[in-house]
Every structure is written in structure tokens, then in C-alpha cells.
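Student: I am new to this structure, and I would like to go through how its chains meet. Could we take it step by step?

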There are 2 protein chains.
Amino acid sequence: MDGLLYEQLAGEIAESITRGSLKPGARLPSVRTFSGERGVSVATVLAAYGQLERSGLVETRPRSGYYVRRRQCAPEAPRSPRRASGPSRVVSVGDAVAALQASMRDPSVVPLGSAYAAPELLPMQALNGLAASIAREVRDVGATYDAPPGLLTLRRQLARRSLDWGLSLGEDEFLITLGATEAVSLALGAVTKPGDTVAVETPTYFGILQILEHLGLRALEIPSLPGTGIDIDALADALRGGPVRAVVAVPTATNPLGAVMAPEARERLVRLLARHDVPLVEDDVYGDLVFDGTRPRPCKGWDREGRVLLCGATSKTLAPGLRVGWVVAGRYEAAVRRRKYALTLASPTLPSMVVAEYLASGAYDRHLRRFQRAVAAQVERVRDEVALCFPPGTRVSDPRGGFVLWVELPPGTRALEVAERALAQGIAIAPGPMFSARGRFPNALRLSCGMPWSPELERALHAVGEIAARARGG
Amino acid sequence: MDGLLYEQLAGEIAESITRGSLKPGARLPSVRTFSGERGVSVATVLAAYGQLERSGLVETRPRSGYYVRRRQCAPEAPRSPRRASGPSRVVSVGDAVAALQASMRDPSVVPLGSAYAAPELLPMQALNGLAASIAREVRDVGATYDAPPGLLTLRRQLARRSLDWGLSLGEDEFLITLGATEAVSLALGAVTKPGDTVAVETPTYFGILQILEHLGLRALEIPSLPGTGIDIDALADALRGGPVRAVVAVPTATNPLGAVMAPEARERLVRLLARHDVPLVEDDVYGDLVFDGTRPRPCKGWDREGRVLLCGATSKTLAPGLRVGWVVAGRYEAAVRRRKYALTLASPTLPSMVVAEYLASGAYDRHLRRFQRAVAAQVERVRDEVALCFPPGTRVSDPRGGFVLWVELPPGTRALEVAERALAQGIAIAPGPMFSARGRFPNALRLSCGMPWSPELERALHAVGEIAARARGG
């Protein structure tokens with residue numbers, strides 16, 4: 001197989017797509033037909049199509065073939081403001097978050113507000129089987145505290161996996177936490193004092209803003225750009241402008257915009273923060289959930305001085321309710337470990353053992369490939385439906401990973417009102433102002449695409465679309 | 001059976017013990033003999049002996065009879081200072097805690113430093129059996145977030161148990177946490193701001209001081225009295241003296257002194273704090289571990305205005321590694337729930353299910369009775385050994401519950417040095433200065449009695465006794 005040849009073929013098709021001669025939704029020629037037409041081997045065509053798929057330009061449909069991915073909506077969310085947004089702000093995310101959280105406990109609510117996968121996408125049978133075996137076979141599970149840094153067998157598996165992340169971490173660098181939430185809250189708590197200013201992306205995951213609020217920290221909002229993540233120029237300005245004690249960023253599948261930072265941008269970010277001696281809390285919880293199956297190297301990979309606190313978890317790809325996460329805290333390791341001891345003492349043993357066994361079984365990579373494809377398809381399906389049934393002028397993000405879509409409703413639409421009315425109809429969505437300490441993004445909302453497509457989901461999306469059409473400001 | 005008669009008999013015997021005519025370790029007349037001598041029924045004698053046992057003056061030995069409890073050591077730890085100890089203090093518990101925590105991960109270390117039960121005392125077989133059944137039979141365990149306030153079936157069981165505590169709590173009043181540690185840290189965090197002053201007992205459990213340290217709170221030390229718990233007069237003075245934002249106390253089995261506050265004192269404490277509008281964080285983690293089998297009613301029972309935040313857990317009596325605790329936060333419920341969401345998001349599902357099933361099975365009460373007796377016997381055995389092998393002039397607490405003994409070595413003995421040398425010999429103990437934000441109690445140490453008696457434990461105690469004898473200040 002000629003490497004240059006398949007790349008050349010892929011390039012030609014990509015150009016046709018970009019020019020528009022191959023329309024979104026069009027079926028590519030079958031592999032055999034194309035092989036015959038161009039006089040190249042089937043393997044070469046497969047390699048070309050595979051590359052197009054990885055780059056996100058085409059998609060496979062089971063038992064059907066390759067198709068140009070649909071791009072019916074405006075392809076980008078509107079740009080966030082180019083520069084940091086004025087003075088830092090005491091955080092209070094408020095009642096919208098409380099309402100969304102309360103809805104999480106109601107199984108009758110359609111959960112478009114919270115970013116997690118439907119149970120049927122997760123390897124629950126394997127995980128529960130392992131839990132049963134461990135409980136049956138290992139005497140004294142949970143009979144003692146699994147004191148920080150946490151279960152050695154799990155840390156060993158994570159150290160092994162870190163090679164796939166483009167890192168080479170040691171088992172002693174990991175501290176096991178209660179999901180990524182505790183990882184980020186311990187990391188931030190360890191590197192700041194109450195009253196400090198922390199730079200965050202805007203829009204950003206409301207959970208990060210909540211952590212800031214409960215640690216008494218001030219948020220300085222740095223634009224999160226739709227395609228590329230945190231605006232490093234704006235961050236550089238902010239660092240020159242005054243004391244910023246830490247930065248929190250989600251470099252892979254920014255939440256809510258779904259961008260993946262390029263390697264060069266990651267390197268630049270790490271170097272910038274090193275010059276200013278500012279720690280980076282890197283929320284890598286979506287690291288394993290990039291749709292094209294690539295696994296971006298975390299910013300931690302460019303960190304020579306231990307200033308990056310890498311936070312991850314299995315909540316997005318294995319099981320949220322296991323609550324298994326970790327932080328690799330570099331030079332702040334001792335401070336984070338002491339904080340874990342002080343505030344939650346230890347993580348439960350059995351969930352750590354289950355994840356360790358699952359990772360050791362080798363099943364994770366197979367699961368991930370299926371899972372990434374399934375989530376990508378769901379996101380695309382919801383995206384298409386939004387284009388169809390939301391008010392004209394609606395713009396939708398084009399995520400490269402994660403579970404969520406960022407939807408900008410026509411200017412003047414009041415998203416808080418949309419969320420409230422949707423909840424009254426049994427549909428939870430996350431309104432835009434939750435994603436900013438300053439309550440920006442009044443006409444935006446975030447939709448979670450963790451649920452497989454269903455008539456119920458379709459009805460819910462149409463209902464939100466109708467509510468949005470009526471919720472225009474006067 | 002004549003109520004007055006058995007009480008009169010018990011009173012006579014108690015007086016003989018107090019006067020010293022019945023020596024510690026002496027055997028009481030057999031029930032039948034005494035019944036014949038005094039011309040009273042066997043039932044009356046049994047009732048009298050039972051009352052003496054409940055009051056802690058005599059003890060039963062299986063297949064042997066009733067004995068006056070041994071009091072070879074000075075019966076009380078030295079009194080703490082009578083008044084609050086000067087200005088509040090920024091907390092830093094420091095390196096002694098870090099050393100003790102590190103030792104928890106080394107199975108070769110004799111664990112006299114941490115207050116938990118040996119696995120063989122815990123119903124691990126039943127708990128692991130339940131975990132296996134649940135994992136096998138319940139599909140999708142852990143497939144979603146068990147969002148705060150946490151698993152309903154567990155909260156329902158806890159609400160039922162609260163009747164045994166002398167309360168009548170509703171299932172909606174409980175929030176499930178990661179052990180009592182997270183309960184106390186969420187409760188304190190919800191009712192204070194960084195920089196606030198919090199009144200704590202002195203000596204107090206170093207974990208509470210760590211929480212204060214990591215929340216940026218100042219500690220005001222109120223004497224914890226050997227027999228009665230927090231010194232309410234001193235606390236009243238302190239409340240008049242300046243702003244105290246919260247009080248943390250361990251009313252049942254104070255840690256380290258092992259006192260149980262009387263009901264009248266609890267009521268007085270709650271009323272005092274109500275007058276000053278100050279919340280009480282009540283750490284009730286040893287509520288089920290009073291040696292005489294009574295279950296003290298928490299201070300929460302006298303709380304009419306929701307100012308008591310009751311914190312509990314199953315870590316001491318069921319399984320530390322399950323990490324199942326709770327807080328009943330009264331008027332602060334919403335604030336605590338939001339804080340839980342922000343900082344750890346949710347507790348893992350499976351451990352909550354295991355505890356709920358175990359409580360529902362009805363096995364807990366049977367386990368508790370055996371467990372309380374076993375721990376009481378272990379504490380008494382270690383106490384006897386300390387009297388035998390520690391330097392003359394050593395004083396030891398006389399706990400009514402919990403796992404620990406507070407040992408005051410002869411004045412001038414440097415406990416930090418004792419702890420360091422003991423650790424070098426593979427024995428972990430907790431030195432006195434860890435139990436005070438001001439580093440008081442330089443010659444005290446806390447011994448955990450969670451391990452059953454063994455030659456290894458005996459050797460360890462003798463080794464600590466020898467080290468202590470050599471560690472006298474110059």
C-alpha cells in the first residue's frame with residue numbers, strides 16, 4: 001500500500017467536500033467501486049476513507065457505507081469576546097444550577113441538562129460482574145481505610161494507561177479522588193487561598209464555577225473559542241494585568257463548546273504559565289472521548305516543572321456512579337494529598353478495585369472505540385434535529401468530543417426562561433448564564449447528547465424548539 | 001421484684017467499691033449466694049448487678065461472674081485548663097499528622113495511631129456478600145450519578161434508625177456523604193467563611209483541626225473535660241468574648257478522652273448556642289459505640305430551630321472502606337447540599353446500597369452488641385497493660401466509648417519524640433500535640449485499641465512504654 005497514494009486520494013475527496021461538489025449526507029462510492037474506478041487497491045481506498053473519517057469529514061453508517069458528514073447548521077457557535085472580560089467576579093451560579101440538580105433526581109425528566117452517557121452505552125455488565133467477583137473473592141474489601149493516595153493496583157493501571165495519553169506517569173504520581181469533581185476541587189483548593197482570582201474559560205462548565213464559589217475564589221473569564229479552546233492571547237493579557245493565582249481549563253472537548261486544543265496551543269499555554277509561575281488545573285475528564293478516536297496528549301505532557309495538575313475520571317466513559325477519578329498534581333502533590341485527607345479522608349475501596357480490574361482486563365480500549373462512535377453519532381443526530389426544529393437563526397457548536405452541544409438561540413431569546421418552561425414540561429436543559437460567573441450568554445443553552453436517539457428525545461427537542469421560538473425578548 | 005430493693009442493693013455495693021472495701025478486680029458474690037445471704041430473690045440480685053454493670057462499676061466475665069472493674073491507673077486524665085485558651089489560632093496540625101497518615105499505608109506498622117476496628121471485628125462477610133448480590137442482581141449499579149442528597153433506600157433506613165437514637169428524622173433530612181469526615185467538612189464549610197473562628201474541644205480529634213486548617217478557619221480551644229465533655233461554662237465565656245461562628249463537638253465518646261456528655265449537658269449546650277445563634281456541628285461518629293450498650297440521644301434531639309448539624313457514619317462500626325456517612329443539617333440543608341454538589345458531586349452508589357441492605361436485614365443490632373463488648377474488652381485490656389508497662393506517674397483515660405485511650409506520660413516526657421521513635425520501630429501512635437491547634441499536651445499520646453489482643457500488640461505496648469521511660473525532657 002502506497003502511503004502517498006492513499007493520502008492523495010483522501011486529499012482529493014476532502015477538497016470535493018470543501019468545495020461542495022460532495023454535499024453533506026452524500027454517500028461516497030463503495031470501496032470496491034472506487035477501487036475499480038481509480039485502479040488502486042481496496043486497502044488504499046480503505047486507508048483513504050479511514051483518514052477522512054478520523055478527520056471528521058465523513059462518517060460510516062453500519063451496513064451502509066461512508067457518507068459526508070452533515071453540516072446543516074451554521075458550523076460554529078458565535079465567537080466569544082476576544083479579550084478577558086473586565087474585573088474578576090465573585091461567583092454565584094445560583095438557582096438555575098439548583099433547579100438542574102434537583103431535576104437529576106427525577107427519572108421522569110428527560111435529561112438534556114447533564115453531561116453523562118446513557119447506561120446502555122456503558123459496560124455495566126462487565127463492571128458489575130467484576131464488582132460481584134471482587135466482593136465474593138476478596139476478603140475484607142473495605143475493612144480498612146484506603147488512605148490517600150489510594151489503591152495501588154488502580155494507580156498502577158493508570159500509570160500504564162498514561163502511555164496512551166502520550167505521558168509516562170509513575171504510579172506514585174496519582175492520587176485517587178471521588179471523580180473529576182473532587183480532583184478539580186482539591187487541586188484548586190491546594191493552589192489558592194480564598195479571595196484569590198482564578199482564570200477560567202468562558203463559557204465554561206458550571207461545575208467549575210461552583211467549585212470556585214464554594215472555595216471563595218474570584219473568576220476571571222477568558223474567552224473559550226469555538227474551534228480552539230482557551231484564548232491564549234487574552235490569557236496572556238490577563239496575566240500581565242494582575243495577580244491570577246491559577247488557571248482552570250478543559251483542553252480536550254471544552255465544555256460546553258467541544259473544541260480540542262491543538263498541541264502547539266497546549267505547549268504555548270504551559271510555557272506562558274511557567275513564565276508567570278501560575279499553576280494550571282487541567283480538567284481532562286473528556287480525554288478519552290474525542291470522536292475521531294485520537295487521544296490528545298494533555299498539557300501535562302509539556303510541563304517540565306510540575307505546575308500542571310492533571311485531573312481525570314472514569315465517570316464519562318465507564319460509570320458515573322463509581323465515582324473514580326484522579327489527580328496528578330506535580331509539585332503540589334503533598335498539598336493535594338493533605339487536603340484529601342482533611343476533607344474526605346479516603347475514597348471507597350470497592351469502586352477503585354472494580355476500575356483497576358476492568359482496566360487490567362484489556363476491555364477498555366474495545367469499549368472506548370464503540371463508545372466514541374456511538375456518542376459521536378448521537379451528538380450528530382441531535383445537532384441535525386436542532387437544525388430542523390429550532391427557530392431560524394439558531395447556531396450550534398460542532399464538537400470534536402464530549403457529550404454536549406452549545407446552542408445559540410436567536411438574539412433576544414431568554415434562555416433562562418426557556419429552561420424554566422422546558423423543566424415544567426419535564427425536560428432538563430442547561431441555560432447559558434450558568435456557564436459564566438457574570439451570567440453572560442443569555443440566549444444560549446447546552447444540550448446533553450448522552451441519550452440514544454428515541455421518539456421521546458425527538459419529542460423533547462421539538463418541545464424545546466417550540467418553547468425557544470416563543471421566548472423572544474420584548 | 002421490688003424496684004426500690006434492687007436499687008438499694010446496688011447502692012450498697014457501689015458504696016463498698018467507692019470506699020475501697022471491694023477492690024478493683026474482686027469477684028462479687030455469686031447471684032445465688034448473695035440472694036441467699038440477703039434473703040432477696042435472684043431476680044432482684046440480677047437487677048442490682050445489671051445496674052452496676054451499666055454504670056461501669058462492675059463487669060461480667062463469661063462463665064465466671066461479676067467483677068469490680070479494674071482501676072489500676074489513675075482514673076482520670078489530667079484536667080484540661082478550666083477556661084478557653086486565649087485568642088483563636090490559625091490551625092496547622094503539621095508534620096506529625098503527615099507521618100501518621102503515611103504510616104497508615106504500611107501494613108507492617110502496628111496501628112496504634114488510627115481509630116478504627118480490626119477487620120475481624122467487622123461483619124465483612126455479610127457486607128461483601130451483600131455487595132456481591134447487589135452487583136449480580138441489580139442492573140446498572142453506578143450507571144448514573146446518585147445525586148445529593150443520595151440513595152433514598154439508605155436515607156429511609158437511617159430515618160428508621162434515628163428512632164433508636166431518640167430522634168425521629170425524616171428521610172429527606174439526611175444527606176449521604178463520604179464518611180463522617182466529609183459530613184463534618186461540608187457542615188463546617190456551609191456555616192462559616194474563611195477567617196472565621198470556630199470553637200473546638202481541646203484536646204480534640206486531629207481530623208477536625210485538619211478540616212479547620214483546610215477551610216481557612218481559626219480554632220478557639222475550649223477544654224474537653226475527662227468525664228463530661230466540652231466545658232460549657234468555658235464555652236459560654238468564649239461566646240460572650242467575641243464572634244464564634246460555629247462549634248464542633250463530639251458529645252458521645254469524645255475523641256481522645258472517651259467521655260459521654262450527660263443529657264442535661266447536651267440540652268444546656270444546645271440552648272446556649274441557640275441564644276447566641278451559633279450552629280453546632282455534632283460529630284456523632286461514635287454514637288453506636290458506647291460500651292454499656294446505651295445509645296445516647298444526640299444534641300440534635302434538643303434542637304428546636306435546626307441549628308445542629310448532626311454528622312454520622314458507618315466507618316467505626318461497619319466498614320471504614322465503604323465510606324458511608326451522612327449529615328442532617330437542619331436549616332443549613334440547602335447550603336450543605338449545594339456544597340456537596342460543588343466539591344464532590346455525588347457519593348458512589350454501591351457502598352450506599354450495601355449499607356442500606358445491611359441495615360434492612362436487621363443484623364446490625366446483633367452485630368453492635370457483640371462489637372461493643374469486644375471493643376470495651378480490648379480498651380480495658382490495653383488500659384491494664386499501660387498501667388503495667390508505662391513509666392510510673394502515667395495517667396490514662398477511662399473511656400465510656402470509642403476506640404482510644406488518652407495517656408498522659410510523666411511531666412517532661414516529649415510525646416512527639418516518643419511517637420517518632422516508636423514509628424522507627426514500626427509502631428504508629430498519635431502524639432498529644434496533634435490534638436490541639438496550639439500544640440498543647442506535649443507529654444500526652446493517644447493509643448487506638450481497635451486491634452484484638454495479641455503478642456504483637458503486647459510487645460508494641462511494652463516497646464512504647466520503654467521508649468516513653470527514656471524520653472524525659474532535660
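**Where the chains meet**

Student: How many salt bridges are there between chain B and chain A?
Tutor: A salt bridge is a side-chain nitrogen of Lys or Arg within 4 Å of a carboxyl oxygen of Asp or Glu. This is a predicted model, in which side-chain atom pairs count only at pLDDT 80 or more, local features need pLDDT of at least 70, and totals for chains, interfaces and linings use all residues. Residues are numbered from 1 along each chain as its sequence is written, chains are lettered from A in the order in which they are written, and side-chain values use heavy atoms, leaving out hydrogens and water. Between chain B and chain A the count of salt bridges is 2.

Student: Which residue of chain A forms a salt bridge with Arg105(B)?
Tutor: The closest N and O atoms of this pair are 3.8 Å apart. The partner of Arg105(B) in the salt bridge is Asp146(A).

Student: Which helix of chain B gives the largest share of the side that touches chain A?
Tutor: Helices here are DSSP runs (H or I, at least four residues), numbered from the N terminus. Several helices of chain B each supply at least two residues of that side, including α4 (95-104) and α11 (333-343). The largest share, 7 residues, comes from α11(B).

Student: How many residues of chain B are in contact with chain A?
Tutor: Contact means heavy atoms within 4.5 Å. Because 100% of the interface residues of chain B are also interface residues in chain A, the copies meet through the same surface. On the side of chain A 63 residues take part, and the number in chain B is 63.
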